[in-house]
Amino acid sequence: MKVGILSLAHVHADGYLALLPELPDVRLIGFSDDDTERAQATAARTDIPWLGSDAALLAERPDAVIICSENAKHRAAVEQAAAAGAHVLCEKPIATTLADALSMREACERHGVSFMTAFPMRFDASLQALKAMLKQGELGRVYGINGINHAECPSRHRAWFVDPELAGGGAVMDHIVHLADLYRWLLASEITAVYAEVGNPFLPESVAVDTACLASVTLSNGVFASIDASWSRPSSYPRWGQLKLEVVGERGAVAIDAFAQHLTLYSPHASRQPSWVNWGGNPNRAMLAAFIASVRLGAPPPVTWQDGYQALRVALACYASQAGGAVVPLGGLTAVG
Amino acid sequence: MRVGIVGAGTMGVMHAAAWAQTGAKLVGVYSLRDGPELAHRYSAKVFERYDELLKAVDVVDLCVPTNLHPAMTAQAAEAGKHVVCEKPPALTMAEGEAMIATCERAGVRLFIAMVVRFFPQYRAAQQLVAAGQLGALGVLRLRRAAYQPRKEVDNWFLDEARSGGMVVDMMIHDFDYARWLAGPVIRVYAQSARALAPDSSGDYALVTLRFASGAMAIVEGAWANPPGVFRTGFDLAGSEGLIEWSSDDTATIRTFLQPSAAQAAACPERSEAACPERSEGAGLPLAPLPEDPYTSQLKHVYRAIKTGEPFAVTPQDSLEALRIALAARESLQTGLVVTL
């Protein structure tokens, strides 16, 4: 199967470039990118060819592509890929507006290609174990979930993450969607209301987007949950950030620290002092394998456009809630399976 | 200095042990239950009436259900006695204000036992924040995850009319701490298990605060863990730095013991953590320390009365924390955002 990566703009593209060649029956044909310097450096480092523009890559007739462009450019990339007959795995958030997201779905349906949203944490072993526990009712009735998806401000690695035009916002757009999706998936329920405190306490001088968000959501099964999507880790933190959550119910609590499987490295050669070096699973690998398998079998993707769309609605509702200082209902939703 | 304790429950026992570390003398105990046992331990006298106890002491220490605080404080003040009173000060702002006014008028001191301010990790973090190590505060995360208080007789903690419920009784600690760190709160939004389902067997709440400074906080409270579990933690992120602390990660002593024969017989299917020997009453987040925080607190009270020095946490501070807790409860009841 021929697979390509459309753009290196997202920080996750580097990980995909490393993982795709490891997958059986996948031929990574190359990547497109509009940043010549970045593209040449990556091609030299990885021996994976830079094919130029998106159109040039798509002319090679890939079976599937991974969209790693800036959030606001997803729509154009998805529409081109769909027209070229390539199945799509799209970075999150899937778009910066609902209109763009809807148009992406329409393009994929029209050209008969599948669309998968890149929510790798669904493929994490600890979260899958949690999902099984909840399904078996081991917590009894679930009361609530307190989740953290902290990060450092990613502008150190990619400047566009703090460009309101390209990213559609800041920490809210970057990190609300992961936990919003996990809550929907874990509880097999929809998020029906959102309240959020949003602000920029961390980099008020240097960036023009939000860097902090505490969102409170209500789900259709009556569970409430919190999402801390803040870019609150300093650059001196031993890792990019973390994903933790605790589910509390009538039989007690379950705590998840999805990236706890790390070594603590103290070395002048490390990029951080100290540095947490992961030795556990990489959920991106399982996500890519699931995407490739769904394309090969012609099966529906394991994470759908609808999943990406609902998560985007939650992110946009955070901004609406902050603007109005009130709880924002998300009506008219159907439950996920 | 002669001290009388009212209420021989979890807090009365803790306070009696703490007073024993000061220069004061516990002379009397007045309690509906377990009074003789506590009094005997400290060679104190058992009193059958509150007014009799008041005659015999210089300081009265109220470790009774919260709804009793206002009247008992007023009676002590009128008798000219200093008052130490467990948190929360009261269940309404008006009652709390009246307690302060009554004590001021009577010329006696009023100490609300906001003990978390005497926990060394909370103090150390506050000092780092105040010294500017974190720059401007951005997002605070505060956790207090305990088990539902258990009492064989009269479990008043579960009666909102007497305790205010978990959000008022327990989470007031973290509301006070958040305010100590980040200043006045302007907005509160809260969700809880019991607000959504009043028949919940436990309780769990997530409360979001926004401060005038622009900072924000998420405060988590749980009465949902197995008996004996009490986990606390904070994560304080600022524009220039970060403090992480969790009781999970800083235990200086941990045990991995086979259950004793008695434990095995009592709870054959359960782990040691889920079946501790002592899980009666409300939980206490204690760790091995040179001095337990309850002792630090009452030593400070003792010095403050002796020397007239100010107390580290004023009754007004405790009232402001109560104001946040009551706003959280209002948000729970209405489902709306509450502006202060």
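Ala190(B) counts as buried because 30 C-beta neighbours lie inside 10 Å, a residue being termed buried if 20 or more other C-beta atoms lie within 10 Å of its own, exposed if 12 or fewer, and partly exposed in between, with C-beta atoms placed from the backbone. The model is predicted, and local features therefore need pLDDT of at least 70, side-chain atom pairs count only at pLDDT 80 or more, and totals for chains, interfaces and linings use all residues. Residues are numbered from 1 along each chain as its sequence is written, while chains are lettered from A and ligands numbered from 1 in the order in which they are written.

Ala190(B) belongs to strand S8 (residues 185–192) of chain B, where strands (E, at least two residues) and helices (H or I, at least four) are DSSP runs numbered from the N terminus. Apart from neighbours within four places in sequence, Ala190(B) is in contact with Val167(B), Ala205(B), Val207(B), Ala328(B), Ser331(B) and Leu332(B), contact requiring C-beta atoms, placed from the backbone, within 7 Å of one another. By comparison, Gly281(B), 91 residues from Ala190(B) in sequence, lies 26 Å away in space, C-alpha to C-alpha.

Chain B as a whole contains 13 helices and 13 strands. Its radius of gyration of 20 Å is close to the 20 Å that the globule rule gives for 340 residues, so chain B is as compact as a globular protein of that length; the radius is taken over C-alpha atoms, and the rule is 2.2 Å times the number of residues to the power 0.38. Of the 340 residues of chain B, 49% count as buried, and residues 24 or more positions apart account for 70% of the contacts with a separation of 6 or more. Chain B is divided into domain 1 (2–113) and domain 2 (117–290 + 320–339), with bounds from an automatic or database domain assignment. The centres of these two domains of chain B, taken over C-alpha atoms, are separated by 25 Å, and 13 residues of domain 1 are in contact with 15 residues of domain 2.

In chain A, strand S4 (residues 64–67) directs Ala64(A) and Ile66(A) one way and Val65(A) and Ile67(A) the other way, all of them buried. Strand S1 (residues 2–6) of chain A runs parallel to S4(A) and is joined to it by four bridges, pairing being assigned if DSSP finds at least two bridges between strands; within this pair, Leu6(A) has Ile67(A) as its bridge partner. S4(A) also pairs in the parallel sense with strand S5 (residues 87–90) of chain A over four bridges, and here Val65(A) is partnered by Val88(A).

Val88(A), together with Ile176(A) and Cys318(A), has the most contacts inside the largest nonpolar core, which has 215 residues; such a core is a set of buried Ala, Val, Leu, Ile, Met, Phe, Trp, Tyr and Cys residues joined through C-beta atoms within 7 Å. Helix H8 (residues 171–187) of chain A provides the largest share of this core, eleven residues. Beyond four places in sequence, the residues touched by Val88(A) include Val65(A), Ile67(A), Cys108(A) and Phe115(A).

Between the chains, 27 residues of chain A are in contact with 31 residues of chain B. The elements giving two or more residues to the chain A side are strands S7 (142–151), S8 (191–199), S9 (212–219), S10 (224–228) and S12 (252–257) of chain A.

How values were computed
Two residues are in contact if their C-beta atoms, placed from the backbone, lie within 7 Å.
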